[in-house]
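Thanks for coming. Please have the sequence and the picture open while I talk. I will go through the sheet, then the helices, then the charged pairs.

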Amino acid sequence: MPSRGARLGDQIRAELARVLQRSARDPDLRLITVTHVRMTRDLQNARVFYTSLNDAADRRQTARGLRRAAPFLRGQLAQRIRVRHVPELTFEYDESLEREQRVAEVLESLRQETTSAADDASPTTEPDPDDA
């Protein structure tokens, strides 16, 4: 059974996703996906991890927009979830998807090298005309 922090983090993730899609005025904020939320043990702070369709240059602008929107988002969470204290929101770009993609690319290139090396190492045998 998930802990209270995990349940609250999931609820915050879902609500933030809804608020960002429907209520965010900044168009850059509508292009983000909230991947997961980590709560501190005392449930006073939430680290919100997100990904964006923007490139690396626009990432800083998106991060700035999220920092500016944090009080608004926290207020929206206060209206939507039932907790005594709505946690402070800290936003971090989630690089795990990019790392996962790089690992998959490396593994794929290794697999291709292995199969090409195996094809080069196997001798091509032609049928011997005397055996026929």
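A residue counts as buried under 20% relative accessible area, as exposed over 50%, and as partly exposed in between. With that rule, Arg74, at 24% relative accessibility, counts as partly exposed. Keep in mind as well that this is a predicted model.

Let us take the sheet. It is open and has 3 strands, in the order β1-β2-β3, and the pairing is mixed. Which strands stand at the edges? They are β1, residues 32-39, and β3, residues 88-93. Each has a single partner strand, so one side of each is left without a neighbour in the sheet. On average, neighbouring strands here are turned by 30° against each other, with direction ignored.

Now the two pairings. β1 and β2 run antiparallel and are joined by 7 bridges. As an example, Val37 has Val48 in β2 as its bridge partner. The hairpin of β1 and β2 has 5 residues between the strands, and Leu43 in that hairpin takes a positive phi near 60°. The other pairing is parallel: β2, residues 45-52, and β3 are held by 6 bridges. There, Asn45 stands opposite Glu88 in β3.

Next, the charged pairs. In general, side chains of opposite charge can pair when their charged atoms come close. How many salt bridges does the model have? The count comes to 5. I will go through some of them.

Start with Glu15 and Arg80, which form a salt bridge with the closest N and O atoms 3.8 Å apart. Glu15 lies in helix α1 and Arg80 in helix α2, so the pair ties together parts that are 65 residues apart in sequence. Is Glu15 buried or exposed? Its relative accessibility is 13%, so Glu15 counts as buried. Arg80, with a relative accessible area of 34%, is partly exposed. Glu15 and Arg80 also belong to a network of salt bridges, in which they are linked with Arg18.

Now back to Glu88. The side chain of Glu88 meets that of Arg74 in a salt bridge, at 3.1 Å from N to O. This pair links distant parts of the chain, with Glu88 in strand β3 and Arg74 in helix α2, 14 residues apart. Glu88 has 39% relative accessibility and therefore counts as partly exposed. Arg74 is the residue from our opening definition, and its 24% also falls in the partly exposed class.

Glu108 forms a salt bridge with Arg111, and their closest N and O atoms are 2.6 Å apart. Both lie in helix α3, residues 96-121, and they are 3 residues apart, about one turn of the helix. Glu108 is partly exposed, at 32% relative accessible area. Arg111 is partly exposed too, at 46%.

Notes
Residues are numbered from 1 along each chain as its sequence is written. This is a predicted model: local features need pLDDT of at least 70, side-chain atom pairs count only at pLDDT 80 or more; totals for chains, interfaces and linings use all residues. Side-chain values use heavy atoms; hydrogens and water are left out. Two strands pair if DSSP finds at least two bridges between them. Helices (H or I, at least four residues) and strands (E, at least two) are DSSP runs, numbered from the N terminus. Axes are lines fitted to C-alpha atoms, for helices over the stretch in contact, and angles run from 0 to 180 degrees between N-to-C directions. A salt bridge is a side-chain nitrogen of Lys or Arg within 4 Å of a carboxyl oxygen of Asp or Glu. Buried means under 20% relative accessible area, exposed over 50%, partly exposed in between (1.4 Å probe, protein chains only).
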